[in-house]
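User: I would like to go through the labels used for this model one by one. Please set each value against its cut-off.

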Amino acid sequence: MEHQPNPVGTDESTGKGASEAPASVETPTPKRSRKRWPIAVAVVAVVLVVAGVGFTVWHSQPTFCNAICHEPMDPYVEGYYGQPELMAYTHQVEDIACLDCHVPTLEEQVTEGLSWIRGDYEVDEAGMLTTVGVRSDSAMCATSGCHEWNDVVAATENWGGEEGVNPHFSHQGEAIDCSNCHSAHGTSIMYCNTCHDYEVPEGWIEPVKSNTVA
């Protein structure tokens with residue numbers, strides 16, 4: 001068969017006209033790398049805030065006290081929740097948390113933490129601290145929203161039916177602390193009866209008698 005020449009302007013392999021340029025292949029433009037660090041920082045910040053709020057809420061709960069320091073805090077927390085005869089339990093019923101009364105400074109918390117780590121404390125047979133810690137006075141207890149002092153005084157007027165006797169308005173004035181009589185985590189004591197012989201509230205104990213009678 002006689003070879004026929006290609007028509008002018010025709011590409012033999014493709015059959016397309018020579019004047020038709022092949023389609024150009026577009027090179028993809030690289031996408032700009034997005035800066036993701038602001039998002040990461042925001043996520044970390046949110047996590048820290050949530051963790052901080054959670055810790056603050058936990059720190060305000062009585063169970064925080066013995067979460068790590070089982071000794072010596074277990075007896076105090078157990079009494080707060082499970083011993084109706086204690087004043088601490090009465091506070092729990094009234095939805096009053098430990099830190100509503102005990103408001104320690106950061107320095108106090110650090111000192112207590114170091115004492116616990118070193119074991120620099122003593123407990124009695126019941127596991128309670130033997131050293132005197134917080135002394136509860138009228139500035140701590142007789143505050144707005146807690147115990148109104150005038151109401152307290154009025155409630156114990158003529159104590160035990162004895163005219164003029166009032167444990168909260170005595171010849172000692174307000175020189176003694178509330179905790180001289182009232183024990184939040186133990187048995188309360190009728191301090192007045194160190195000298196006197198007044199009626200003792202149910203569940204309270206008598207103190208050792210003094211030789212001096214006021």
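User: Where is the place of Thr156?

Analyst: Thr156 sits in the segment after α7. Helices (H or I, at least four residues) and strands (E, at least two) are DSSP runs, numbered from the N terminus. This is a predicted model, in which local features need pLDDT of at least 70, side-chain atom pairs count only at pLDDT 80 or more, and totals for chains, interfaces and linings use all residues. Residues are numbered from 1 along each chain as its sequence is written, and side-chain values use heavy atoms, with hydrogens and water left out.

User: Why is Thr156 called buried?

Analyst: Buried means under 20% relative accessible area, exposed over 50%, and partly exposed in between (1.4 Å probe, protein chains only). Thr156 has a relative accessible area of 9%, so Thr156 is buried. Not counting residues up to four places away in sequence, Thr156 touches Val165, Asn166, Pro167 and His168, where contact means heavy atoms within 4.5 Å.

User: What makes Pro207 buried?

Analyst: The relative accessible area of Pro207 is 12%, and therefore Pro207 counts as buried. Pro207 is also in the segment after α7. Leaving aside neighbours within four places in sequence, Pro207 is in contact with Ile189, Met190, Tyr191, Asn193 and Thr194. For Met190, the separation from Pro207 is 17 residues in sequence and 6.4 Å in space, C-alpha to C-alpha.

User: Why is Glu206 called partly exposed?

Analyst: Glu206 has 40% relative accessibility, so Glu206 counts as partly exposed. Glu206 is found in the segment after α7 (149-155).

User: Which residues form the negative surface patch?

Analyst: Glu162, Asp197, Glu199 and Glu206 form it. Patches are made of residues with over 30% relative accessible area and no salt bridge; like charges are joined within 9 Å, nonpolar side chains (Val, Leu, Ile, Met, Phe, Trp, Tyr) within 5 Å. Lys and Arg count as positive and Asp and Glu as negative, while His and the chain ends are not counted. The place of a charge is taken as NZ of Lys, CZ of Arg, CG of Asp or CD of Glu.

User: Which residues form the nonpolar patch on the surface?

Analyst: The nonpolar patch consists of Ile68, Leu106, Val110, Leu114, Trp116 and Ile117, with about 610 Å² of accessible area together. Accessible areas come from the Shrake-Rupley method with a 1.4 Å probe; for residues, only the protein chains shown count as cover. Val110 belongs to helix α5 (residues 106-118). With a relative accessible area of 45%, Val110 is therefore partly exposed.

User: What makes the pair Arg118 and Asp120 a salt bridge?

Analyst: A salt bridge is a side-chain nitrogen of Lys or Arg within 4 Å of a carboxyl oxygen of Asp or Glu. The side chains of Arg118 and Asp120 meet at 3.8 Å, N to O. By this rule the count comes to one salt bridge. Arg118 and Asp120 are both exposed.
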